[in-house]
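Please take a moment with the sequence and the model shown below. The paragraphs after them walk through selected parts of the chain, one topic at a time.

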Amino acid sequence: MSENQQALNHVVSMEDLTVDQVMKLIKRGIEFKNGVQLPYENKPIVSNLFFEDSTRTHKSFEVAEIKLGLERLDFDVKTSSVNKGETLYDTILTLSALGVDVCVIRHPEVDYYRELIASPSITTSIINGGDGSGQHPSQSLLDLMTIYEEFGHFEGLKVAIAGDLDHSRVAKSNMQILKRLGAELFFAGPEEWRSQEFADYGQFVTIDEIVDQVDVLMLLRVQHERHESGAVFSKEDYHAQHGLNQERYNRLKETAIIMHPAPVNRDVEIADHLVEAPKSRIVQQMTNGVFVRMAILESVLASRNANENTRR
Ligand code: CP
């Protein structure tokens, strides 16, 4: 088994992936988008466990699983023994004992996956669908696939990540890998929502200082649900000071693209009429999510297969 396969027993954080693994997943995602088919004969079982709300991540993992021909075991948090006090560890220990091969998990606790992947009793592979304000590797990979499709490289690209930085797992996942891939990073948005950890990866700027220079403007959702003391800004004030309006859109370079992980707060991070504007890749990001998640599932299952063969 190669080192690449070994490391993809789980996909929980962009920090754990090598640049080589990231590039292989992006290129495999593009191959799936171009129509590569991969039916599994022995039907591995995947279960998607979402302890936080989700439309894109949950449903695109489901579509990816359908397209790969995998068996899906439904798991509804609301009707499970989680409501009787079952811990996440015990839920995953149970699914592992039942023979589930892969669990895709979204959970509000940062780093929830650490005790799961460290446990010798849990043999199920873990794919992190988002841990609180920690990591969101599948979102990061679909963002990278979208940038790669546009520019064909990352080296030297100017990328501004703008908005609710502190609460964003998307910002954290992307800043780490984009820096390793050679992009130049800028961070914009309210000072109240930016901690010093971002300074290790790029410069703090205002959206007005950077909008005419960037190749990629990556807007972030204002995460009201993670703000302990309510919104600091009215929607109108946020949009005026930090959002993408028509005037700022007009200042973007001809070749620049706009991204947003969605769901979008329309007329807050981005003007309603710009969500589907020519420079927007927001819909393409959602589409790419299916294909990059197919690539992630394929890699994790290949790694499990290789481990199985080694044990025989
Ligand atoms: N971008 C994203 O993670 O969206 P969902 O919360 O709808 O999955």
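**A walk through the predicted model**

Glu-150 has a relative accessible area of 30% and is therefore partly exposed, where buried means under 20%, exposed over 50% and partly exposed in between, with a 1.4 Å probe and protein chains only. This is a predicted model, in which local features need pLDDT of at least 70 and side-chain atom pairs count only at pLDDT 80 or more, while totals for chains, interfaces and linings use all residues. Residues are numbered from 1 along each chain as its sequence is written, and side-chain values use heavy atoms, with hydrogens and water left out.

The partner of Glu-150 is Arg-281, and the closest N and O atoms of this salt bridge are 2.8 Å apart; the term stands for a side-chain nitrogen of Lys or Arg within 4 Å of a carboxyl oxygen of Asp or Glu. Because Arg-281 lies in the loop between E9 and H11 and Glu-150 in helix H6 (residues 137-151), the pair ties together parts that are 131 residues apart in sequence. Helices (H or I, at least four residues) and strands (E, at least two) are DSSP runs, numbered from the N terminus. Arg-281, at 15% relative accessibility, counts as buried.

By the same rule the count comes to 15 salt bridges. One of them joins the side chains of Glu-31 and Arg-28, at 2.6 Å from N to O, and these two residues, being 3 residues apart in helix H2 (residues 19-33), are separated by about one helical turn. Another links Glu-62 with Arg-72, where the closest N and O atoms are 3.8 Å apart; since Glu-62 lies in helix H3 and Arg-72 in strand E2 (residues 71-72), this pair ties together parts that are 10 residues apart in sequence. Glu-62 counts as buried at 16% relative accessibility, whereas Arg-72 counts as partly exposed at 33%.

How is the chain divided into domains? The domain assignment, whose bounds come from an automatic or database source, gives domain 1 (10-136 + 287-311) and domain 2 (137-281). Their contact takes 35 residues from domain 1 and 27 residues from domain 2, contact meaning heavy atoms within 4.5 Å. The centres of the two domains, taken over C-alpha atoms, are separated by 26 Å. Between them, domain 1 and domain 2 bury about 2,500 Å², 63% of it on carbon and sulfur atoms; buried area is the accessible area (1.4 Å probe) that two parts lose on being put together, summed over both. There are 2 salt bridges between domain 1 and domain 2.

The UniProt record, in an unreviewed entry, lists Arg-56, Thr-57, Arg-106, His-136, Gln-139, Ala-262 and Pro-263 under "binding site"; its positions are given in the numbering used here, feature names are shortened, and annotations may be inferred rather than shown by experiment. Thr-57, which lies in helix H3 (residues 56-68), counts as buried at 3% relative accessibility. Residues up to four places away in sequence not being counted, Thr-57 touches Phe-50, Arg-106, Gly-129, His-136, Ser-138 and Arg-293. Pro-263, by contrast, is found in the loop between strand E9 (257-259) and helix H11 (282-311) and is partly exposed, with a relative accessible area of 39%. Apart from neighbours within four places in sequence, Pro-263 is in contact with Arg-56 and Arg-221.
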